Amino acid sequence: MENYTKLKELVASIEADAEKFFNNGNSAAGTRVRKGLQDIKTLAQDIRNEITAKKNDGKK
């Protein structure tokens, strides 16, 4: 659950930069959003792996 909380915080943290990029065309903000999205992707995969491991532990 800790990683899920981190994921929500990460999504919230890129919101301002996403607005700057999409509404104002700020290229640097777009770069920060892309990096944040990559971090989200990595964290989401970690969460998926945790869920799978926990699900499989219950089957034993």
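Predicted model: local features only at pLDDT ≥ 70, side-chain atom pairs only at ≥ 80, totals over all residues.

I began with F21, and its relative accessible area came out at 33%. Buried means under 20% and exposed means over 50%, so I wrote F21 down as partly exposed.

Next I checked F22. This residue has 64% relative accessibility, so it goes down as exposed.

Then I wondered: how many aromatic pairs does a search of the whole structure find? The search turned up 1. The pair is F21 with F22: the ring centres sit 5.0 Å apart and the planes make an angle of 75 degrees, so I noted it as edge-to-face. The angle cut-off for that label is over 60 degrees.

I found D17 in helix α1, which covers residues 2-24. Is D17 buried or exposed? I got 13% relative accessibility, so D17 counts as buried. I also listed what D17 is in contact with, skipping neighbours within four places in sequence: A29, R32 and V33.

N3 was my next stop, and N3 is in helix α1 too. Its relative accessibility is 15%, so I put N3 down as buried. Which residues does N3 touch, not counting those up to four places away in sequence? I wrote down L43, D46, I47 and E50.

E15 belongs to helix α1, and at 48% relative accessibility I had to call it partly exposed. I then checked E15 against N56, which is 41 residues apart from it along the chain. The C-alpha atoms of E15 and N56 are separated by 35 Å.

Time to zoom out to the whole protein. I counted 2 helices and 0 strands. The radius of gyration is 15 Å, while the globule rule gives 10 Å for 60 residues; 15 Å is well over that, so the protein is more spread out than a compact globule. I also noted the box that the C-alpha atoms fill, taken along the principal axes: roughly 55 × 15 × 10 Å.

What share of the 60 residues counts as buried? I got 22%. For the accessible surface I have about 4900 Å², and 54% of that belongs to carbon and sulfur atoms.

Last entry: charges. I have 12 positive and 9 negative side chains in the protein. The centres of those two sets lie 6 Å apart.

How values were computed
Residues numbered from 1 in each chain as written. Heavy atoms only, no water. Helix = DSSP H or I, 4+ residues; strand = E, 2+ residues; numbered from the N terminus. Rg over C-alpha atoms; globule rule 2.2 N^0.38 Å. Buried < 20%, exposed > 50% of the residue type's maximum accessible area, 1.4 Å probe, protein only. Areas by Shrake-Rupley, 256 points an atom, 1.4 Å probe, with all protein chains shown as cover. Lys, Arg positive; Asp, Glu negative; His and termini not counted. Charge placed at Lys NZ, Arg CZ, Asp CG, Glu CD. Contact = heavy atoms within 4.5 Å. Phe/Tyr/Trp six-rings, centres within 6.5 Å; stacked < 30°, edge-to-face > 60°.
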